[in-house]
Amino acid sequence: MNELLKLQNISKTFRKNNIDALKNISFECAKGDVISIVGSSGSGKSTLLRIIAGLEIPDEGEIILEKNKINGSGIYLAPEKRNCSLVFQDFALFPNMSVKENIFFGKNASKNKSMIDELIEFTRIKNLLERFPHEISGGQQQRVALVRALSINPALLLLDEPLSHLDHELKHQVRNELKNLIKKVGATVLMVTHDTEDAMYMANKVLVLNNGVVDQVDSPASIFNFPLNSYVAGLFGKTNILPFKDFPFLDHHFFDKDRNEDVVSIRPHEFKLIDGNSSVEKPQIKGRVVSVDSLGPFLEVSIDTGKFELIVHVDRNQKIETDHDLSFYIEKK
Amino acid sequence: MDISILKSLKPLRILKQELLFKLNGWTVVSLLVGLFIFFPIGEILLSMNSQSSNWSHLKETVLFTYFLNSFILVFGTAFISLIFGVSSAWLISNYQFKYGKILEWALVLPLAIPTYIAAYAYFDILELFNPLLVWVRNNINIEAMQLLNDSLVYFVTILVMSSVLFPYIYLLARSAFLKQGKQLRDAAKTLGYNEKSVFWKIALPMARPAIIAGVSLVVMETLNDYGAVKHFGIPTFTSGIFRTWLGMGDLVGALQLSAVLIFFIFLLLALEKQARSRSKYHDSLHSKPMSKKIILNKNKSTAAIACCLTPLILGFVIPLFRLMSWAWISRDKASALVSIEMISNSLGLSIISSISIVLIALLLVFTSRYFNSYVINFSNRLATLGYSIPGAVIAIGILLFTAQINAVTNFVLTGSLVLLVFAYIVRYLAVACQPINAGIETNCDSLNNASKSLGSSTYTSLRLVNIPLIKNTLITAGLLVFIDIIKELPLTLILRPFNFETLSTATFDLSSQAQIIEASLPALCMIAVVLVPLVYLNYRLDNSR
Amino acid sequence: MKKLFTVLLTIFVSMNLQAQINIYSHRHYESDKILFKKFTDQTGIKINVIKGSADQLIERLVSEGNNSPADILLTVDAGRLYRAKAAGILQPVESKKMYENVPSSMRDPDGYWFGLTVRARVLVYSKERVKPSQLSTYEDLATRKWRGKIAVRSSSNIYNQSLMASMIEANGSRKALSWAKSVRKNMARAPRGSDRDQARAVAAGLADVAIMNTYYLGILANSSDAKDREVFKKVSVFFPNQEDRGTHINISGAGITKSSKNKKDAIRFLEFLTGPESQKTFGSVNYEYPIKIETNQSELLKSWGSFTYDTLNLSILGSNNAEAVKLFDKAGWE
């Protein structure tokens, strides 16, 4: 098995408010995987990362890293002894040390000098080495934090909301660079983020945490197209949750606890507008326009089919007016 | 009983976790040190169990009086100190007026004068009222005179103590007012609030946690006082404790009184914590620093100056002036009354103790935070109880403690400087722990996580990450402790070694023998010694804003 | 830790090379300094003094046990000497001279402590408002005619406790309690201040009669403060209970500690203090009566006249002390 990290039934309760932070979390991570952990705030994402890093102790469960049990009943390996490294949300650079001192602070950092020098070149922070953390920009700080974390050549790299502290304009560029860095180093990464777009961009696997429980672990495409519940479906973009019995021709469906029935998830762009003249073989959905809003490259149209309401996206060149009747067919990839 | 139920019991689970995973050199040493420091206090608390034969007598006769008097003093001093402290803090932080800058740092000066010296500087103030009292006696009746006399005693004692204790509230309130963003008050004003209502409805409630903390300090100091209440003749718990111990030869009874006192102090502290936690006012994150103070016109300026000057004059100028004039009278006897040895004793003792306390506090707080240990956190809280307990009571606890050690090891501890330093540690550890805790929490907690994540040892984290970042905090903590120790009286009186005079004990001895004039010399030396670090501290705190 | 120990040991050893005695003393008077120096000059024995309140010194001696470095305990009242003996920290003294120098009522019957000086607790009254014929006994102070006219210090003070102890012995607990209750009702104000403050209150017109110790009057008379001398001029001394048991007296005294390592030198010192020369110094410098009161030579003290004193053995002051405090509590005398 190529698994680098394995979690089994990790649970933790917050002592203060007696809330379950994590319930029976189990998943695996193979070498070279880049896994994004997503979920709303308070879902326990950061706690999970800290537990893996060893900064918090779970109430129950096991963790195996590189075939060694680092958490279990009666077992707890101190964070300084674990072969993984955590990059914090606020970077946590030591303000009293220069960039260079920060980077070479790690216990075994001096053994990896050539690798570190290469990373410094790659991330273009060579000219910042003598500066202090408060003298460099947020984006530069992030790069320094990354290089510092990689300086000890960890088996597992943990990133806690690496892109949250950055300006929106900066984000895309930084995201790109981060992806390249990870690829270059061949690092195995667990990345916590609340931004689902970042999650899908950066990772080859996405893990959805919903109130302390793992709802789904899958590739970004699968998560997007074949969500296992309404929460996951809604997390990655607007979607219509509709009864399966009205769309029996669709392959993928799941059970919704709140509605107590099987449902399907159809994204707004998966509804294709049928021209008044053309005829289509596929099942049609007809409805009346309730409202039309322009969202830039497309129009967002609210449709009332009589049975339920739909949100669909149509090309902006279409002329849509309220109270018109429209027909759609469904095209899923 | 099903073991799985036991397993799910949280405290047991926490304890199990702590024992399994957090047992190491640092935590074991910290735990032992913390418990050792708590020991004398524990002795006193334990004595609540034993029944002294005099206890029913005490309960029937004097217990209520002690309680009532202590309560009156505490309430009165807290009230007046609040008025002095909050009013001056508000004026200084919000308004600009002539001499405002000078007053700002000068208002801290009364802290240099301990309560017993303030009392002694005003020793004859009640005599001033004699003509009035005689008049009342002759023209109204005896009862009226007695009532007036008693009220005057309380009032004067409260006023004297408030005038030297209010700076605790002043400092904390000032810093709280300054932190409140200007925007909040501007917003309030656009909603129709005038200056007065801004103060009462917004600024004051927001500053409540800080003000309550300041009041709590004033209350502790009031209950700790031994010299002032003795001088003005108000029987309080502290004097009752001594009376029972020494007058009736009943140490156990005295300990029981101490335990009762401690119980009420803890009750007050719990109330305080409640009051503070309910108001979780976060510092406004987007607050801009106080840039513009409102400039006052001439009349209001004068009023503001008068308001700030009053406590300053009462608490510093008058005592200092009187002491200096007495010192001038007895200047020929100066070398006989104050020796270099006395000064170096005070200084040496305080410096050694301060350094020890800061180091111990650093160890205990760091270990607790670094390992996130509930056990160490708890033992730290035990070890820092000493600050809430009057010095005289701690001295008794330590005497008990050493008598037991003496019986076992045949080693005389009393009369050694080591014991006195230990006593100071027991009493003042909290003074260092509080700022150091805040310092590490603010500056180092997340960095320690980074350090751990990078594989550093505990010692490396302490040396390279924590200490450099909290250097200022350590110095501040050291200075605070130093000032408290130099001023300390009751504990030093009881535990001091052979032939060992400090400035505080010399002042007390002379003044209690009614050698008022002569006592001014050691008193002034003491004030001078305290003023230096006090002013320096104030300067540092100002600059760090 | 080892270094500290060796340093302490060296100091301790070096301290012992010269002949010396260690005194725990409650007294802090000029007279003592003079006498200590005289003794050292005459005998070469060094005197180390640690000053403190007797209560705390006793507590300290108890705590130190057999390892205490103290040789002598010096107090300003008999009650505490009694307590020291009861706490087991004193040892009996075999010295013929001591027994000769000190009258029997002023020393412990078993020889554990000895009086060195005497102070009488007298009535000090306003010359203009009170006639001496109005005064008689301590007991008389409880009568209605003194309502609101008495000034006396707190019952926490050992001199009052000793007085009370003698009242208990003379009249029994019940009568002593009602006496204390009535005296408290007769006070012009709640007890406050030192003995001298009571005299000042009388001079100021707040009260008419004060209960205080004689030697404090001496201090007032010779004060460098003109105001105090004025106070002295306005009052006069009355020795109560001359018709029955005599005026209550107390002693300032000393005992030798059980743990003393320099017993011989300590006895020598006590003999010195109870000798005629030292007794004269006590009187002239500190306004205290010598233990043989009749041999008093101080001018000031002579001016107050001779008096009969209560020959109650002063160890009773100690044995009744706890009861005295309790009665004060019950009487509401703070």
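Analyst: Helices (H or I, at least four residues) and strands (E, at least two) are DSSP runs, numbered from the N terminus. In these terms, A:E135 sits in the loop that joins helix 3 (113-122) to helix 4 (138-150) of chain A. Residues are numbered from 1 along each chain as its sequence is written, while chains are lettered from A and ligands numbered from 1 in the order in which they are written. This is a predicted model, in which local features need pLDDT of at least 70, side-chain atom pairs count only at pLDDT 80 or more, and totals for chains, interfaces and linings use all residues.

Burial is judged by counting: a residue is buried if 20 or more other C-beta atoms lie within 10 Å of its own, exposed if 12 or fewer, and partly exposed in between, with C-beta atoms placed from the backbone. A:E135 is exposed because 12 other C-beta atoms lie within 10 Å. A:P95 is 40 residues away from A:E135 in sequence, and their C-alpha atoms are 9.9 Å apart in space.

Now to chain B. This chain has 27 helices and 2 strands. The radius of gyration is taken over C-alpha atoms, and the globule rule is 2.2 Å times the number of residues to the power 0.38. For 545 residues the rule puts a compact globule near 24 Å, and the 25 Å of chain B agrees. The C-alpha trace of chain B spans about 80 × 70 × 50 Å along its principal axes, and buried residues make up 49% of the chain.

Two residues are in contact if their C-beta atoms, placed from the backbone, lie within 7 Å. Of the contacts in chain B with a separation of 6 or more, 85% are between residues 24 or more positions apart. B:V535 belongs to helix 27 (residues 516-543) of chain B and counts as partly exposed, because it has 15 C-beta neighbours inside 10 Å.

The interior comes next. A nonpolar core is a set of buried Ala, Val, Leu, Ile, Met, Phe, Trp, Tyr and Cys residues joined through C-beta atoms within 7 Å. The largest has 222 residues, and those touching the most other members are A:L158, B:A173, B:A361, B:A423 and B:L429. Helix 21 (residues 417-443) of chain B gives the most to this core, with 15 residues. Beyond its neighbours within four places in sequence, B:A173 is in contact with residues that include B:G85, B:A89, B:A207 and B:I211. A second, separate core of 101 residues includes C:F36, C:V118, C:L141 and C:Y216.

There are two partners to consider. Chains B and C share the most contacts of the 2 pairs of chains in contact. That contact takes 36 residues from chain C and 34 residues from chain B. On the side of chain C that touches chain B, helix 3 of chain C gives the most, with 6 residues. For the make-up of this side, Ala, Val, Leu, Ile, Met, Phe, Trp, Tyr, Cys and Pro count as nonpolar, Asp, Glu, Lys and Arg as charged, and the others, Gly among them, as polar. By that scheme it has 9 nonpolar, 13 polar and 14 charged residues.

The contact between chains A and B takes 20 residues from chain A and 17 residues from chain B. Here the chain A side has 11 nonpolar, 5 polar and 4 charged residues. Chains A and C do not touch, and their nearest C-alpha atoms are 34 Å apart.

Last, confidence. The predictor's confidence in each residue is the pLDDT, from 0 to 100. Chain B has a mean pLDDT of 84, with 92% of its residues at 70 or more. Within chain B, the value is lowest in helix 1 (residues 3-8), at a mean of 49, and highest in helix 18 (residues 340-370), at 93. Residues 281-288 of chain B have a pLDDT below 50, and this stretch has 14 contacts in the model beyond near neighbours in sequence. Where pLDDT is low, the predicted coordinates should not be read in detail.
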